[in-house]
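Please look over the sequence and the structure shown here before reading on.

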Amino acid sequence: MSRSDIVRETGLSRAHVYAVVDELIAQGELIETGSVSAGRGRPKTLLEVNVNSTYVGAVWLAEDHIEVAIAGATGRTLARQTLQYSGDSANDVDSIASAFAACAAQARVCTKRVRGVGVVVAGLVNPALGLICAATHFVGVPIAKVLQEKLGVPVVADTDIRAAAVADRCYSRESERVLYVQFGEAVGAAFVISGELFGGAHGAAPLLGYAPILDGISLEKCTSDYAFVDALWPDLGARTLAPEQFREMVRRGIDLATRGDARAVGAVKQIAKYMGFGITVALSMLDPHKIRITGTLIDCFPKLMVDIIRREALSSVAPLLTGVDIQPLVGWTDFGLRGAYGLVLLDGFRSLNRDIDDTLIAPWRAGSEADGEEAAPVVSD
């Protein structure tokens with residue numbers, strides 16, 4: 001793009017765009033790559049991102065594994081490693097640091113040139129503190145501050161669904177009111193307004209999973225992966241299973257539905273119907289122009305699930321809302337790394353240098369040094 005193209009796309013003043021472009025060229029972030037005829041007048045000088053100017057890191061704390069990667073300024077992955085959880089958060093932090101160094105060496109990148117690292121968590125995160133509040137692993141760990149000290153670069157942490165929204169915003173340039181909803185082991189949501197990610201202290205915008213949809217029962221209770229397993233094996237007690245056992249039961253249920261088992265197909269349809277009820281609540285509260293739905297069952301049965309969700313949601317709201325675009329966001333786990341890059345490239349960093357050591361870091365360290373006994377961190381208001 002040329003400078004005038006950027007003026008047209010952003011709506012910013014010509015003087016402001018030219019000043020910022022000159023600054024970015026001086027910093028090496030942008031480069032001039034030639035010129036093209038613009039009809040009458042002087043040719044336009046084209047600009048590109050200098051892919052060798054900035055590098056970003058990513059840590060994707062998935063439910064059953066860890067991904068560590070490094071990318072260039074355009075978000076293309078240069079090196080990545082997969083780790084398994086050890087059950088000890090201190091050891092896992094050390095493993096992440098080692099994998100980060102290995103990725104940098106593989107990509108031939110000096111870690112001092114890494115602009116920052118985005119951490120994406122399959123769980124609930126307080127992004128202002130970088131504290132993992134609820135997840136399969138690292139609960140109570142101030143992951144952003146801990147990794148920042150280990151890696152020596154700025155770190156920002158957020159939830160997986162918000163990272164998916166950041167990635168989608170970055171690569172699709174959505175400019176409308178877009179609601180992202182994830183149905184997995186829990187229900188998460190993110191809301192983008194005019195290209196900006198909206199959210200409260202815990203990054204939940206809104207806390208849609210807690211919305212009551214059936215005799216006071218929450219949306220999460222009716223639509224999570226646990227609800228799917230309970231529908232097929234009600235006496236099993238899905239929430240009492242070990243994580244590996246539970247995910248195996250989810251896979252078995254999906255396999256049954258794929259092979260046409262009537263009970264499994266019925267469970268999928270029933271859960272999709274409840275998801276539609278939840279989307280109705282979101283439509284009423286937020287009035288989004290677009291809704292992107294993702295999750296375990298939606299990845300496997302996107303057309304079936306979204307058709308039922310769309311029918312249930314749009315049949316329950318005013319005719320004026322029936323034009324809402326509801327689509328699946330399949331392959332959402334791919335947004336783990338892309339979202340982590342986006343957290344660095346688009347959102348910048350919140351200050352982690354506040355006086356939180358005594359309330360977050362010290363208790364975590366004390367718990368890690370105890371004989372296998374982790375102390376719960378105390379978080380002040």
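Setting aside residues up to four places away in sequence, Asn-50 touches Gly-28, Glu-29, Leu-30, Ile-31 and Ala-73, where contact means heavy atoms within 4.5 Å. This is a predicted model, in which local features need pLDDT of at least 70 and side-chain atom pairs count only at pLDDT 80 or more, while totals for chains, interfaces and linings use all residues. Residues are numbered from 1 along each chain as its sequence is written, and side-chain values use heavy atoms, with hydrogens and water left out.

**The loop residue Asn-50**

- Asn-50 lies in the loop between strand E2 (44-49) and E3; helices (H or I, at least four residues) and strands (E, at least two) are DSSP runs, numbered from the N terminus.
- With a relative accessible area of 18%, Asn-50 is buried, a term that means under 20% relative accessible area, as against exposed at over 50% and partly exposed in between (1.4 Å probe, protein chains only).

**Strand E6 and its partners**

- Strand E6 (residues 114-121) has seven of its eight residues buried, so it is largely enclosed by the rest of the structure.
- Strand E3 (residues 55-61) pairs with E6 in the parallel sense over seven bridges, and Leu-61 stands opposite Val-121 in E6; two strands pair if DSSP finds at least two bridges between them.
- E6 is also joined by five bridges to strand E9 (residues 155-159), the two running parallel, and Val-117 has Val-155 in E9 as its bridge partner.

**Strand E10 and its partners**

- In strand E10 (residues 178-183), six of six residues are buried, with Val-178, Tyr-180 and Gln-182 covered on one side and Leu-179, Val-181 and Phe-183 on the other.
- E10 pairs with strand E11 (residues 187-193) in the antiparallel sense over six bridges, forming a hairpin with three residues between the two strands, and Val-181 stands opposite Ala-189 in E11.
- Six bridges join E10 to strand E15 (residues 290-295) in a parallel arrangement, in which Tyr-180 stands opposite Arg-292.

**Nonpolar cores**

- The largest nonpolar core has 46 residues, and Ile-279 and Ile-326 have the most contacts inside it; such a core is a set of buried Ala, Val, Leu, Ile, Met, Phe, Trp, Tyr and Cys residues joined through side-chain atoms within 4.5 Å.
- Helix H9 (residues 262-286) supplies the largest share of this core, namely eleven residues.
- A second, separate core of 34 residues includes Tyr-55, Val-59, Ile-143 and Leu-151.

**Aromatic rings**

- There are three aromatic pairs, counted where the ring centres of Phe, Tyr and Trp (its six-membered ring) lie within 6.5 Å, with planes under 30 degrees apart taken as stacked, over 60 as edge-to-face and the rest as tilted.
- Tyr-85 and Phe-138 form an edge-to-face pair, 6.2 Å centre to centre with 65° between the planes.
- Tyr-85 lies in the loop between strand E5 (77-83) and helix H3 (89-107), and Phe-138 in the loop between strand E8 (131-135) and helix H4 (143-151), so their pair ties together parts that are 53 residues apart in sequence.
- The rings of Tyr-226 and Phe-246 have centres 4.0 Å apart and planes at 15°, so this pair is stacked; Tyr-226 belongs to helix H7 (residues 225-232) and Phe-246 to helix H8 (residues 243-258), and both residues are buried.
- Arg-239 lies over the face of Tyr-226, at 4.2 Å from the ring centre, a charge being placed over a ring if NZ of Lys or CZ of Arg is within 6 Å of the ring centre and within 35 degrees of the ring normal.
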